[in-house]
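Hi there,

Here is the structure I promised to pass along. Have a look at it first, and my notes on the aromatic rings and the nonpolar cores follow below.

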Amino acid sequence: MRVKSEEWEAELNEQLRLLINLQNVDKKIQRLVEEKRIIPLKIAEVEKKLKNAEQALEDKKAQYKKKQQEKKEKEILLDDELQRLKKLKSRTSEIKTNKEYQAHMVEIETTEKLIGEAEEKLLTVMEQLEEWTLEINSAEERIVDALKEFQCKKEQLEADDSQMGELLNELKMERQKVTEGIERELYETYNTLLRVRGGLAVVPVEDGSCMGCRLQIPPQVFNDVKKNQDIITCSYCHRFLYWGEGLRPVGT
Ligand SMILES: [Zn+2]
């Protein structure tokens, strides 16, 4: 059975109507408080991503520096061997005996081989450096973009946060207004329920069950709940009950 929203609201007990209103305001407050609470976490999360990318780049740059040092060492080594070869070759004409000449040629050959190896190693290091230069450049470009994105997101989140703060203040004022009309004892019970029942103190009865704890309401109690004229609580979870099957609660 469904009823029209206006009729339903007109027939509600005034205290019950206020309690339903209060619960709706509190639901909005709870949602907002939770959303607001995680904003600094969201900011920290995007900041961490950026910091990680920056750290990875710094590590790569440090590796690059080491590689450059390696290149220098290899260049010195190659240079030494080249100097040695030059000296050896310049002495060739001074050699007298055949035996000495053979030994000399072997030494030249060995040196040339060492030079070949040193050149190859140097080339590998240079290729590596070239590759890393490209990597570092693109990583730097990505970080510029990531930084812009981070600042943009941070600003957006901070704007959201202050907007939520304003909304929260409005809701608290609205809550105060609703609260003023509620009888003191009911209000205190409501607050206790809100605290011990996970933020839910006023619930509808749907399909004959309390929507707070899902317990089936006894038929006689259900008949009373359906009238929405008395303050009735669930015998199991003690939440305030109202009936409005197929209706959206007031104020949502
Ligand atoms: Zn219940």
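A charge counts as sitting over a ring if NZ of Lys or CZ of Arg is within 6 Å of the ring centre and within 35 degrees of the ring normal. Please keep in mind that this is a predicted model. In it, Lys226 lies over the face of Trp243, at 5.3 Å from the ring centre. Lys60 is placed over the face of Trp132, with 4.3 Å to the ring centre.

Next, the ring pairs. The count comes to one aromatic pair, taking centres within 6.5 Å as the rule. The partners are Trp8 and Tyr242: their ring centres are 6.0 Å apart and their planes meet at 55°, so the pair is tilted. Trp8 belongs to helix H1 (residues 5-11) and Tyr242 to strand S4 (residues 240-243), so the pair ties together parts that are 234 residues apart in sequence. Trp8 is buried, at 6% relative accessible area, and Tyr242 is buried too, at 5%.

Now for the cores. The largest nonpolar core has 17 residues, and those touching the most other members are Leu19, Ile20, Ile182, Tyr190, Val202 and Phe240. Helix H2 (14-37), helix H5 (184-196) and S4 each give two or more residues to this core, and H2 provides the largest share, five residues. If you click on Tyr190, leaving aside neighbours within four places in sequence, you will find contacts that include Leu19, Asp26, Arg175, Val202 and Phe240. There is also a second, separate core of twelve residues, among them Cys210, Met211, Phe222 and Ile232.

Best wishes

Methods. Residues are numbered from 1 along each chain as its sequence is written. This is a predicted model: local features need pLDDT of at least 70, side-chain atom pairs count only at pLDDT 80 or more; totals for chains, interfaces and linings use all residues. Side-chain values use heavy atoms; hydrogens and water are left out. Rings of Phe, Tyr and Trp (its six-membered ring) pair if their centres lie within 6.5 Å; planes under 30 degrees apart count as stacked, over 60 as edge-to-face and the rest as tilted. Helices (H or I, at least four residues) and strands (E, at least two) are DSSP runs, numbered from the N terminus. Buried means under 20% relative accessible area, exposed over 50%, partly exposed in between (1.4 Å probe, protein chains only). A nonpolar core is a set of buried Ala, Val, Leu, Ile, Met, Phe, Trp, Tyr and Cys residues joined through side-chain atoms within 4.5 Å. Contact means heavy atoms within 4.5 Å.
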